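Trainee: I am new to this one. Could you take me through it, one question at a time?

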Amino acid sequence: MRSVENPPPPTVRDYAYYREALAGVQLPAAFIDLDALIANLQRLGNRAGGLPVRLVTKSIRSVEMLRTIMAAGPFMQGLLCYCAAEAAWLAGLGFDDIVVAYPTVDERSLVKVACQLRRGRSITLMVDNPAQVQAINEIAMTEGVVMPLAIDLDMSSVFPGLYFGVHRSPINDVASALGLAANIASRQSVVLRGLMGYEGQIAGLMDAVPGQAIRNGIIRFLKRRSIVEVNKRREQVVQALQKAGHTLQFVNGGGTGSFESTRLDPSVTELAAGSGLYAPTLFDHYQAFELMPAAGFALPVTRTQAPGVMVCSGGGYIASGPAGKDRLPRPWLPSGCRLIDNEAAGEVQTPLLHTLAHALNIGEPVLFRHAKAGELCERFDELLVISSGRVVNRVPTYRGEGKNFF
């Protein structure tokens with residue numbers, strides 16, 4: 001496995017490069033540019049400033065790619081899963097040091113977690129409500145295990161007339177965190193192990209979008225104000241928990257877009273990232289860093305309907321979140337192609353306007369990038385791994401292994 005400390009020399013990623021690499025491949029197909037991914041991994045390590053980085057599995061959604069990333073990045077430490085059933089499945093495949101980022105009280109999933117705990121695996125569940133703690137404690141008692149828990153701390157900022165952040169946890173200050181920690185400590189079959197404070201409004205919001213100078217300036221201003229407040233909040237909560245006698249094995253913070261500010265909080269012991277490896281379009285325009293596109297999909301041209309128009313097969317892979325053009329897949333290579341507004345990316349076909357000298361031949365690929373990272377894997381059974389201009393491996397996605405957690 002190539003080491004992240006010795007990335008490959010940069011290669012020009014033009015249309016001809018990928019067309020040659022994908023020659024003979026059945027389309028549509030999803031692919032990972034391994035050389036670009038390793039370069040992105042190195043950049044994450046440099047930006048982490050010495051802190052370990054927990055790998056966010058929902059942004060990867062391929063067991064073999066998880067293994068590749070963990071092996072290639074010595075600073076990568078543990079997994080941050082999006083589902084308890086996913087965490088139990090990955091633990092059964094040999095992964096360890098797993099934190100589940102979102103709360104669950106689903107009995108079947110928690111029983112699977114208990115099974116892995118009995119086998120010696122480390123899985124920590126997220127909570128932000130006493131009702132969750134009670135439900136988990138009851139199942140843990142029945143299963144004869146002690147389930148580790150982490151508190152999800154709200155990291156949103158409330159400005160006059162503006163809620164700047166994401167709606168996650170009701171635990172938003174020292175008092176509420178201490179109350180939940182005391183509730184955990186009062187129960188027999190759960191134990192507090194950590195805290196997570198994810199500042200989504202910093203990590204997941206672009207602030208250098210071309211042609212949006214005014215908006216960029218506003219976003220940067222709000223981010224600067226928010227960073228000071230939420231870092232202080234997280235640090236104060238951690239200090240209060242420790243003073244009250246609670247031992248925290250980890251304090252997790254940040255995401256791909258916030259390493260520079262999250263690591264300023266001295267209470268944070270680890271960062272988290274995943275999207276920064278595949279580099280989807282929603283991470284194209286940040287002031288603090290730049291990534292190499294490392295994941296995409298290829299659609300075949302099936303029609304040349306009129307001059308300046310090509311039609312591809314499939315392509316309606318729309319990202320979650322607020323509906324808008326930024327959630328659409330983006331034609332990438334060859335350059336000079338764009339979606340048609342009143343059709344966009346369709347379920348069975350995607351028409352494109354183009355400014356090429358000649359339309360591509362029927363059957364030739366058009367390359368697209370998804371707006372988000374791991375969601376692309378929900379559309380394909382496998383990822384083609386490209387390195388040095390050729391497909392060097394085919395690895396299954398979660399879907400290809402028959403797993404669909406949401």
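Trainee: Is phenylalanine 31 buried or exposed?
Mentor: First, the ground rules. This is a predicted model: local features need pLDDT of at least 70, side-chain atom pairs count only at pLDDT 80 or more, and totals for chains, interfaces and linings use all residues. Residues are numbered from 1 along each chain as its sequence is written, and side-chain values use heavy atoms, with hydrogens and water left out. Buried means under 20% relative accessible area, exposed over 50%, and partly exposed in between (1.4 Å probe, protein chains only); phenylalanine 31 has a relative accessible area of 1%, so the word is buried.

Trainee: What kind of aromatic pair do tyrosine 18 and phenylalanine 31 form?
Mentor: Rings of Phe, Tyr and Trp (its six-membered ring) pair if their centres lie within 6.5 Å; planes under 30 degrees apart count as stacked, over 60 as edge-to-face and the rest as tilted. For tyrosine 18 and phenylalanine 31, the centres are 5.3 Å apart and the planes make 35°, which is tilted.

Trainee: Which elements hold tyrosine 18 and phenylalanine 31?
Mentor: Helices (H or I, at least four residues) and strands (E, at least two) are DSSP runs, numbered from the N terminus. The pair ties together parts 13 residues apart in sequence, because tyrosine 18 lies in helix 1 and phenylalanine 31 in strand 1.

Trainee: How many residues apart are tyrosine 317 and phenylalanine 380?
Mentor: Tyrosine 317 and phenylalanine 380 form an edge-to-face pair, 5.5 Å centre to centre with 75° between the planes. Tyrosine 317 is in the loop between strand 13 and strand 14, and phenylalanine 380 in the loop between strand 17 and strand 18. The pair links distant parts of the chain, 63 residues apart.

Trainee: Which residues does threonine 397 touch?
Mentor: Threonine 397 is in the segment after strand 19. Threonine 397 is buried, at 0% relative accessible area. Contact means heavy atoms within 4.5 Å. Leaving out residues up to four places away in sequence, threonine 397 touches Arg61, Ser62, Cys377, Phe380, Asp381, Glu382 and Leu383.

Trainee: Is serine 388 buried or exposed?
Mentor: Serine 388 has a positive phi of about 55°, although it is not a glycine. Serine 388 lies in the loop between strand 18 and strand 19. Its relative accessibility is 61%, so serine 388 counts as exposed.

Trainee: And alanine 279: what is its relative accessible area?
Mentor: Alanine 279 also has a positive phi, about 60°, and is not a glycine. The loop between helix 11 and strand 12 holds alanine 279. Alanine 279 is buried, with a relative accessible area of 3%.

Trainee: Now the whole chain. What is its radius of gyration?
Mentor: The protein chain has 11 helices and 19 strands. The radius is taken over C-alpha atoms, and the globule rule is 2.2 Å times the number of residues to the power 0.38. For 406 residues that rule gives 22 Å, so the chain is as compact as a globular protein of that length, with a radius of gyration close to the rule at 22 Å.
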